[in-house]
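Let's take a friendly walk through a protein model together. Have a look at the chain first, and then we will go from the whole fold down to single residues.

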Amino acid sequence: MLGAIAFGAERPRVASPDFPFAWIDMPVLGASAVLEVWLSEQPVVRDDAQGIAAARNDEVLFGCVEIEQQESLDASTYLAYSRIFDFIDSREYGHLLRVWNYFPGINHDSGGLERYRRFCRGRHEAFVAKGRLVADDAPAACALGTRSGPLVVYFLAARRAGKRVENPRQLSAYHYPEQYGPRSPTFSRAMLASASPDALLFISGTAGIVGHETQHVGNAAEQARETVANVLAVIAEAREAGLRFAESGGRLSAKAYLRCPEFLPIVRDALARGFGPATEMVFLQADICRTDLLLEIEAVYAGTAPGKRAMWPAFVDTAA
Ligand code: 3EB
């Protein structure tokens with residue numbers, strides 16, 4: 001076990017787990033709680049330091065950091081990312097592959113600036129301060145609103161850099177114009193992990209955006225279709241970059257975030273038609289970083305090449 005993250009409306013009663021663990025206050029649609037676990041077929045060692053709970057094998061490091069509110073969300077985010085970069089640099093797992101960001105009030109105004117935009121500013125400044133290139137070093141990522149709790153950031157970092165993948169249908173997020181905030185979001189559309197013997201593709205949070213503009217405002221069915229088209233476009237790009245999607249008998253695992261639970265049937269339907277019935281799916285109720293987005297989908301594609309897999313995701317349905 002590299003680490004586990006619990007999603008649900010109630011904090012699970014877990015007796016001090018011996019792996020990195022966090023709870024995200026986010027209702028699961030159609031279940032009471034879900035555990036997202038990251039597994040390794042290689043030996044794993046714990047390595048907690050600098051406020052980060054972490055575990056690593058020879059190739060990848062899973063880490064989790066929780067930051068209580070500082071004087072601003074910009075400051076909380078800067079602190080989280082500075083710690084992460086210092087930690088992974090000191091351990092020589094300096095390449096962020098995938099980062100998950102969760103914090104409350106993502107669309108709330110704070111002193112004249114939306115909290116998501118403050119988050120983007122703090123993250124951007126930490127990238128610059130720690131010598132990261134905003135485009136070349138942008139990991140796959142997502143940023144979602146929780147109901148309560150601290151800023152929780154969990155991540156996978158690797159000894160070797162992955163291959164960044166963008167989407168020709170969308171402007172790269174790190175090039176978004178200033179209308180979306182003073183600092184652009186530092187993430188890539190997907191990351192192909194090359195540190196692993198099997199193909200592993202991390203697809204970032206993906207929504208109904210074409211170019212840099214939200215499409216189909218107010219229409220969940222159309223946004224779901226557009227989102228699926230974007231995910232498929234990213235997978236097509238990743239195939240160009242070497243991913244043997246589908247041919248290797250791999251598996252797609254997806255998390256869908258819905259602003260309004262009543263759109264669950266529509267989104268479930270769009271995903272099943274877009275990705276096929278073999279896809280493993282979890283549905284969560286969350287606020288999305290743009291107020292005009294009704295949903296967002298993220299996914300991991302894991303192939304089945306021979307060898308001992310460095311990292312492998314699974315969802316565990318937990319009883320109430
Ligand atoms: C978008 O495409 C939708 O700020 O890390 C998706 C994935 C989004 C990641 C982030 C934001 C982030 O811009 C929002």
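The report below starts with the overall picture and ends with a few individual residues.

First, some ground rules. This is a predicted model, in which local features need pLDDT of at least 70 and side-chain atom pairs count only at pLDDT 80 or more, while totals for chains, interfaces and linings use all residues. Residues are numbered from 1 along each chain as its sequence is written, and side-chain values use heavy atoms, with hydrogens and water left out.

**The whole protein**

The protein has four helices and 20 strands; these are DSSP runs, numbered from the N terminus, with at least four residues (H or I) for a helix and at least two (E) for a strand. Its radius of gyration is 18 Å, close to the 20 Å that the globule rule gives for 320 residues, so the protein is as compact as a globular protein of that length. That radius is taken over C-alpha atoms, and the rule is 2.2 Å times the number of residues to the power 0.38. Along the principal axes, the C-alpha atoms fill a box of roughly 50 × 45 × 40 Å.

Of the 320 residues, 58% are buried. Buried means under 20% relative accessible area, exposed means over 50%, and partly exposed lies in between (1.4 Å probe, protein chains only).

**Aromatic pairs**

How many aromatic pairs does the structure hold? There are 14. Rings of Phe, Tyr and Trp (its six-membered ring) pair if their centres lie within 6.5 Å; planes under 30 degrees apart count as stacked, over 60 as edge-to-face and the rest as tilted. Here are two of the pairs:

| Pair | Centre to centre | Angle between planes | Class |
|---|---|---|---|
| Phe-62 and Tyr-154 | 5.9 Å | 35 degrees | tilted |
| Tyr-102 and Tyr-257 | 6.4 Å | 55 degrees | tilted |

Phe-62 sits in strand β6 (residues 60–67) and Tyr-154 in strand β11 (residues 151–158), so this pair ties together parts that are 92 residues apart in sequence. Both Phe-62 and Tyr-154 are buried. Tyr-102 belongs to strand β7 (residues 95–104) and Tyr-257 to strand β17 (residues 251–258), so their pair ties together parts that are 155 residues apart in sequence. Tyr-102 and Tyr-257 are buried too. These four residues belong to a cluster linked by ring pairs, which also includes Phe-7, Trp-38, Trp-100 and Phe-202.

**Single residues**

Is Ser-76 buried or exposed? With 1% relative accessibility, Ser-76 counts as buried. Ser-76 is part of helix α1 (residues 73–91) and, leaving aside residues up to four places away in sequence, touches Ile-67, Glu-68, Gln-69, Gln-70 and Leu-151.

Glu-222, in helix α3 (residues 220–240), counts as partly exposed at 27% relative accessibility.

Now for some backbone angles. Most residues other than glycine have a negative phi. Gln-50 is not a glycine, yet its phi is positive, about 55 degrees. Gln-50 lies in the loop between β4 (45–46) and β5 (53–56) and is partly exposed, with a relative accessible area of 40%. Glu-92 also has a positive phi, near 65 degrees. Glu-92 is placed in the loop between α1 and β7 and is exposed, with a relative accessible area of 56%.

Notes. Contact means heavy atoms within 4.5 Å.
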